[in-house]
Amino acid sequence: MTNPDPSRYAAQVRAHAGEAGVDPQLVMAILYNESYKPHDPELERAWQKLKPDAAFGVANMHRATFDQTRRGRPFAGRTWEQLPDDPDLAIQAEAWYLHDLAAQLPASHGAYQTSELLALGYNTGPGTMKAFARGTKPGAQAQSYLDTFRANQAKAAAALGHS
């Protein structure tokens with residue numbers, strides 16, 4: 001089993017967040033959120049055989065999201081099936097997906113910080129993210145994801161060398 005601590009990906013997070021124009025702390029905090037399950041390539045593939053719509057890679061990305069995000073990007077020639085074996089690709093796809101979500105945020109988004117809405121969007125999709133921005137209250141699962149994201153902010157900052 002590999003080290004589950006996402007801090008070991010700090011260099012990739014900084015590079016890909018910069019490339020995609022998103023906050024590296026956001027990318028890292030989401031990696032912490034998504035580290036709740038082991039990211040072992042063999043385990044992920046075995047699970048995917050039982051649950052075909054399972055997410056892959058250290059960023060837990062679903063196939064449809066990856067396929068949409070990769071269009072026109074530096075990793076356009078890569079495939080979703082490569083995510084379990086390539087944390088760098090998973091982080092790159094995560095950063096660009098967050099970029100795409102940010103482009104869909106309304107100018108005014110109520111009580112949530114931009115990073116919180118992007119984390120919710122990463123977890124629930126763009127339509128639900130926009131509903132949260134309009135004031136819809138998150139359900140229990142989305143609220144739990146948001147609470148975990150908030151709790152992971154300090155770890156993400158420390159992993160990136162921010163105080």
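Glu116, Asp147 and Arg150 are linked in a network of salt bridges, a salt bridge being a side-chain nitrogen of Lys or Arg within 4 Å of a carboxyl oxygen of Asp or Glu. The structure is a predicted model, in which local features need pLDDT of at least 70 and side-chain atom pairs count only at pLDDT 80 or more, while totals for chains, interfaces and linings use all residues. Residues are numbered from 1 along each chain as its sequence is written, and side-chain values use heavy atoms, with hydrogens and water left out.

Helices here are DSSP runs (H or I, at least four residues), as are strands (E, at least two), numbered from the N terminus. An α-helix has 3.6 residues a turn, so residues three or four places apart point the same way. Aspartate 147 is partly exposed, with a relative accessible area of 39%, and arginine 150 is partly exposed at 37%. In these terms, buried means under 20% relative accessible area, exposed over 50%, and partly exposed in between (1.4 Å probe, protein chains only).

The description now turns to the packing of helices. Two packed helices are described by the angle between their axes and the distance between the axes. Axes are lines fitted to C-alpha atoms, for helices over the stretch in contact, and angles run from 0 to 180 degrees between N-to-C directions. Helix α6 (residues 114–124) and helix α8 (residues 140–159) have axes that come within 10 Å and cross at roughly 130°. The two helices are therefore oblique to each other; angles under 35 degrees count as roughly parallel, over 145 as roughly antiparallel, 65 to 115 as roughly perpendicular and the rest as oblique.

On the α6 side, the contact with α8 is made by Ser115, Glu116, Ala119, Leu120, Tyr122, Asn123 and Thr124, and on the α8 side by Ala142, Tyr145, Leu146, Phe149 and Arg150. Contact means heavy atoms within 4.5 Å. By class, this contact has seven nonpolar, three polar and two charged residues. Ala, Val, Leu, Ile, Met, Phe, Trp, Tyr, Cys and Pro count as nonpolar, Asp, Glu, Lys and Arg as charged, and the others, Gly among them, as polar.

Helix α6 also packs against helix α7 (residues 126–133), at an angle of about 145° and with the axes 7 Å apart. The crossing of α6 and α7 is right-handed. Leu117, Leu118, Leu120, Gly121 and Thr124 of α6 meet Pro126, Thr128, Met129, Phe132 and Ala133 of α7. This contact has seven nonpolar, three polar and no charged residues.

Helix α2 (residues 24–33) is largely enclosed by the rest of the structure, because nine of its 10 residues are buried. The buried residues of α2 pack against α1, α5, α6 and α8. From α8, asparagine 152 is in contact with Ala29, Tyr32 and Asn33, leaving aside its neighbours within four places in sequence. Asparagine 152 is itself buried, with a relative accessible area of 5%.

Histidine 16, in helix α1 (residues 10–20), counts as buried at 8% relative accessibility. Residues up to four places away in sequence not counted, histidine 16 touches Asp88, Ile91, Gln92 and Ala95.

Further salt bridges join separate parts of the chain. Arginine 63 and glutamate 81 meet through their side chains at 2.5 Å, N to O. This pair links helix α4 (residues 63–69), which holds arginine 63, to the loop between α4 and α5 (87–104), which holds glutamate 81, 18 residues apart. Aspartate 100 forms a salt bridge with arginine 73, their closest N and O atoms being 2.6 Å apart. Aspartate 100 lies in helix α5 and arginine 73 in the loop between α4 and α5, so this pair ties together parts that are 27 residues apart in sequence. Arginine 73 is buried, with a relative accessible area of 16%.

Finally, asparagine 60 stands in the loop between α3 (41–50) and α4. Most residues other than glycine have a negative phi, whereas the phi of asparagine 60 is positive, near 50°. Asparagine 60 counts as buried at 8% relative accessibility.

Terms used
A crossing is left-handed if the near helix is turned anticlockwise from the far one by less than a right angle, and right-handed if clockwise.
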